[in-house]
Amino acid sequence: MAQSVPPGDIATQPNAKIVFNAPYDDKHTYHIKVINSSARRIGYGIKTTNMKRLGVDPPCGVLDPK
């Protein structure tokens with residue numbers, strides 16, 4: 001059986017918390033960078049229950065090391 005290895009750390013830019021406040025009628029674009037700081041590849045996926053409020057492009061993928 002293959003040994004399970006926990007994923008490494010990820011970092012985000014901006015590194016502070018992002019809060020989405022109402023009203024949601026206005027469209028806003030936020031650019032968030034996700035950085036894989038480990039030595040292994042990490043797969044990611046972002047899901048939402050309301051596609052009109054939150055859109056992510058691309059919604060899933062693989063982050064290469066460093």
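Is Val34 buried, exposed or partly exposed? Val34 counts as partly exposed, because its relative accessibility is 39%; buried means under 20% relative accessible area, exposed over 50%, and partly exposed in between, with a 1.4 Å probe and protein chains only. The model is predicted, so local features need pLDDT of at least 70 and side-chain atom pairs count only at pLDDT 80 or more, while totals for chains, interfaces and linings use all residues. Residues are numbered from 1 along each chain as its sequence is written, and side-chain values use heavy atoms, with hydrogens and water left out.

Val34 sits in strand 2, residues 33-36; helices (H or I, at least four residues) and strands (E, at least two) are DSSP runs numbered from the N terminus. Val34 also belongs to a nonpolar surface patch of about 590 Å², together with Ile10, Phe20, Tyr24, Tyr30 and Ile32. Patches take residues with over 30% relative accessible area and no salt bridge, joining like charges within 9 Å and nonpolar side chains (Val, Leu, Ile, Met, Phe, Trp, Tyr) within 5 Å. Accessible areas come from the Shrake-Rupley method with a 1.4 Å probe, and for residues only the protein chains shown count as cover.

Another residue of strand 2 is Asn36. Asn36 is buried, because its relative accessible area is 3%. The C-alpha atom of Asn36 is 5.7 Å from that of Pro65, 29 residues apart along the chain. Pro65 belongs to the segment after strand 4 (60-63) and is partly exposed, at 35% relative accessible area. Pro65 and Ser38, 27 residues apart along the chain, also have C-alpha atoms separated by 5.7 Å.

The segment after strand 4 also holds Lys66. Lys66 counts as exposed, at 70% relative accessibility, and its phi is near 60°, a positive value in a residue other than glycine. Most residues other than glycine have a negative phi, and most peptide bonds are trans. Between Lys66 and Ile10 the C-alpha distance is 9.5 Å, across 56 residues in sequence.

A search of the whole structure finds one salt bridge, meaning a side-chain nitrogen of Lys or Arg within 4 Å of a carboxyl oxygen of Asp or Glu. The side chains of Asp64 and Arg41 form this contact, at 3.2 Å from N to O. Asp64 lies in the segment after strand 4 and Arg41 in the loop between strand 2 and strand 3 (42-45), so the pair ties together parts that are 23 residues apart in sequence. Arg41 counts as exposed, at 58% relative accessibility.

Two cis peptide bonds can be found in loops. Gln13 and Pro14 are joined by a cis peptide bond with omega about 5°, and Pro14 is in the loop between strand 1 (10-13) and strand 2. Asp57 and Pro58 are joined by a cis peptide bond with omega about -5°, and Pro58 is in the loop between strand 3 and strand 4.

The largest pocket holds about 1,100 Å³ of space. On a 1 Å grid over the protein atoms alone, a pocket is an open set of points where a 1.4 Å probe fits, with protein on both sides within 12 Å along at least five of seven lines; lining residues have an atom within 4 Å of a point. The lining has 27 residues, with Phe20, Tyr30, Leu54, Gly55 and Val56 nearest the centre.

Definitions and conventions
Grid points are joined across faces, edges and corners, and a volume is the space filled by probe spheres set on the points.
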